[in-house]
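Subject: Structure handover

Hello,

Here is the structure I promised you. Please load it first, then read my notes below.

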There are 2 protein chains.
Amino acid sequence: MKTALLTVGTEILFGQIVNTNAAFLSQELNNLGYDVMYHYSVGDNPKRLEDLIHFAFHDCDMVITTGGLGPTQDDLTKEVIAKAMGDEIVQNEQCLKDLLGKYEEMGRHMSENNLKQANMPSKAIPLPNDQGTAPGFWLEKDGKIIIAMPGPPREMTNMFKKQVKPRLEKMQDSVIYYKILRAFDLGESKMETVLLPLINGQTDPTIATYAKEGECSLRIASKRATLEEAKEAVSHMEAKVLDIIGNFVYSCNDEELIDVVGKMLIEKNISVSCAESCTGGLFAGALTDIPGISSIFDRGIVTYSNRAKIEELGVKAETLDKFGAVSEETACEMSAGLQKKTGSDLCISVTGIAGPGGGTEEKPVGLVYIGIAYEGKVTAVKSQYRDVSRRWNRDYAVLNMLWQIYKRIK
Amino acid sequence: MKTALLTVGTEILFGQIVNTNAAFLSQELNNLGYDVMYHYSVGDNPKRLEDLIHFAFHDCDMVITTGGLGPTQDDLTKEVIAKAMGDEIVQNEQCLKDLLGKYEEMGRHMSENNLKQANMPSKAIPLPNDQGTAPGFWLEKDGKIIIAMPGPPREMTNMFKKQVKPRLEKMQDSVIYYKILRAFDLGESKMETVLLPLINGQTDPTIATYAKEGECSLRIASKRATLEEAKEAVSHMEAKVLDIIGNFVYSCNDEELIDVVGKMLIEKNISVSCAESCTGGLFAGALTDIPGISSIFDRGIVTYSNRAKIEELGVKAETLDKFGAVSEETACEMSAGLQKKTGSDLCISVTGIAGPGGGTEEKPVGLVYIGIAYEGKVTAVKSQYRDVSRRWNRDYAVLNMLWQIYKRIK
């Protein structure tokens, strides 16, 4: 079914916010087998909004709007949709009840203009909003569907998942099932090349690869008469894919590497400390973003200066002199010294040249050593990144550290 | 002048990338005094693209496209624009010369299909591309303007700044000059309230406030006959604004707080170390994102466990017992202990409850203490954030640490 996405709100047209709603909905709709033909954004202007709805429907059968459902004068999406669809606005009893309940629960006085949020096109099915006060709705007429959701991403994504997605799934005469595999240390073109025999001439399941900030994703999707058939087809293809690139895949459920590694460390109760030079605290920062990580994360030391490497980690001055701060030897001494100090099960270190300056012919920007002390062994891995930017080098080093831990423990 | 932005490319409709081009151009155009009425995104489909161009021009006088200018079969923006504007595609001699020069410079063989990039609508003014091979163009007909730029953000933003912006500035019969002030520790509604006497009834310069992840920005803009007049009007208003909220303003040139503080520390040659608990390395990570910071940043210690606070920073076990890890006393001992250990001029510490769990009635999630040891004095500041999320609490604590350093040194 051909679909248009319509974002309502001047803050988009002023460039104050980036339109992440459209990207989220596009991904979800494509995964469900709906074709997204257009994205539109328009301000809080009834004439232009109505023109766009008509324009969208000359080509599409479904329009999904976000924004403009709130209680202020500017919020006019409902009124315009009702007019465009030849419906009228009425007070919806269920919405009114929900709304009064929400305000009572929050212990807040509801001002008169908030009542507007209980209004709906008369033929609309209200979509409850768990995360805010403004409900959305689903309206069908003459084979055309319009779905209206609130603008704040948290409210919209929650409403989509709970209210809209199940309805969209039911509307399909076939079922789409898909899995997203995530891989590290394998470029997109390399992945495509090795999987070419599987990709070529494959109509169902389909295989699509995506690159994403140094990582790579693979989507295996099948469209069948039943969910069971689709799942089986995907699972069959997944096994074939894992036969070829299994060593690079860290998740078959579209998880982030940080979440996979964090969960693994907590589950296996492996205590961790880290010593960072070029990443300057980003690794510890990423790890401590996981709630509950305090059960296994002891400490992180950002040894930016040579003096700090010596004092904090017991790196030898000779090592720094002879091999330099960015070397396999320093990386090993950093992680070994940290383990001696903390007694953590796994101690990881990183030292590298983040750039933009500081590179030499022998040690160019993007050179990174990662050391790991674990189960009585200390090892270091050398990588040369392609130096996109200081930021990229540092972020990629963090991912690489997580990947090294993953490989070592797995 | 009413303007529509039109993004061409299926990767947007698949949700693989977020449309940052539209946000960038919207900001720039608004700052130049152009009204952005619509954003559209469409795939590489000639019929839909042409329909959208006609639809846009029924309401707007200018359409800016990004994407679809490359050498592949999919790239058809030029052809569709030529058709929609009643022009024809010809080979442009200057573009051909530039293109051949680029490939020679890169030492790469140019395949036949790359020649397509030298094609232009016959009446178009080519816009050179410093960052890639595909040129853009500017085409006017019957008072309507269409500007086509490549899709990759780096190429587009560069072309906009060098080629498009100067032309757009010239087209205005008046000049817009603006400054963006940035403030911390002052909510948007508070800022609006105290500035109301200046904002109300003010037609030029205009004052607009924006909220942005815990920070607040203020844009002062003036539209006058000459740049000199506009600058004077803005500068006059800026002085009035600073009289009222000067204590909260850290930049009058739209700089990030991290850049302002980093520059200040480097310029004043104040050596810094940090001890982090709830932010878990994010402060050190933010500071070390600044190239050249190694001249003043010695080390960071992420003391996540109580044991680490005692061992690394000399925090007393009694202090942790009596007042807790999240307390003024612990924050002070953390920064004092760090200074004793490192001898850095300024030692900053942070301890707080990031959530989602771990909060109590006495010490709720979002409670944060920041300690500073500087010039012989150790002090701590207590804040209670409104607890949007773990991520938000941690990021805001980093900003607050930067703000405390800024205030202390300024």
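I start with a helix pair in chain A. Lys309(A), Glu312(A) and Leu313(A) of H11(A) touch Thr330(A), Glu333(A), Met334(A), Gly337(A), Leu338(A) and Lys341(A) of H13(A). Contact here means heavy atoms within 4.5 Å. Sorted by class, this contact holds three nonpolar, two polar and four charged residues. Ala, Val, Leu, Ile, Met, Phe, Trp, Tyr, Cys and Pro count as nonpolar, Asp, Glu, Lys and Arg as charged, and the others, Gly among them, as polar. H11 of chain A covers residues 306-313 and H13 of chain A covers 328-342; they pack at about 40 degrees, with axes 9 Å apart. Axes are lines fitted to C-alpha atoms, for helices over the stretch in contact, and angles run from 0 to 180 degrees between N-to-C directions. Helices (H or I, at least four residues) and strands (E, at least two) are DSSP runs, numbered from the N terminus.

Some ground rules. This is a predicted model: local features need pLDDT of at least 70, side-chain atom pairs count only at pLDDT 80 or more, and totals for chains, interfaces and linings use all residues. Residues are numbered from 1 along each chain as its sequence is written, chains are lettered from A and ligands numbered from 1 in the order in which they are written, and side-chain values use heavy atoms, with hydrogens and water left out.

Chain A overall

Chain A has 14 helices and 17 strands. Its C-alpha trace spans about 80 × 55 × 40 Å along the principal axes. Of its 410 residues, 55% are buried. Buried means under 20% relative accessible area, exposed over 50%, partly exposed in between (1.4 Å probe, protein chains only). The accessible surface of chain A is about 17,800 Å², and carbon and sulfur atoms hold 49% of that. Those areas come from the Shrake-Rupley method with a 1.4 Å probe; for residues, only the protein chains shown count as cover. Take the contacts in chain A between residues at least 6 apart in sequence: 66% of them join residues at least 24 apart.

Thr279(A) sits in the loop between strand S13 (272-276) and helix H10 (282-287) of chain A. Thr279(A) is buried, at 0% relative accessibility. What does Thr279(A) touch, not counting residues up to four places away in sequence? Val350(A), Arg394(A), Ala397(A), Val398(A) and Met401(A), plus Gly285(B) and Thr288(B).

Asp142(A) has a positive phi near 50 degrees, and is not a glycine. Asp142(A) lies in the loop between strands S7 (136-141) and S8 (144-149) of chain A. Asp142(A) is exposed, with a relative accessible area of 71%. Asp185(A), also not a glycine, has a positive phi of about 70 degrees. Its loop runs between strand S9 (175-183) and helix H7 (188-199) of chain A. Asp185(A) is partly exposed, at 44%.

H4 of chain B spans residues 77-84 and is mostly covered, with six of its eight residues buried. These are Thr77(B), Lys78(B), Val80(B), Ile81(B), Ala82(B) and Ala84(B). Gly86(B) follows H4(B) and has a positive phi, near 65 degrees.

H3(B), residues 46-57, packs on H4(B) at an angle of about 45 degrees, with the axes 10 Å apart. Pro46(B), Leu49(B), Glu50(B), Ile53(B) and His54(B) of H3(B) make the contact with Thr77(B), Val80(B), Ile81(B), Lys83(B) and Ala84(B) of H4(B). By class, that contact divides into six nonpolar, two polar and two charged residues.

Chain B: other points

Ile145(B) is in strand S8 (residues 144-149) of chain B. Is Ile145(B) buried or exposed? Ile145(B) is buried, with a relative accessible area of 4%. Beyond its neighbours within four places in sequence, its contacts include Met1(B), Phe57(B), Trp138(B) and Met171(B). Asp61(B) is 84 residues away along the chain, yet the two C-alpha atoms are 6.3 Å apart.

Finally, the cis peptide bonds. One runs from Asp204(B) to Pro205(B), with omega near 0 degrees. Pro205(B) is in the loop between helix H7 (188-199) and strand S10 (206-212) of chain B. Another joins Gly355(B) and Pro356(B), with omega about 0 degrees. Pro356(B) is in the loop between strands S15 (346-352) and S16 (367-374) of chain B.

Best regards
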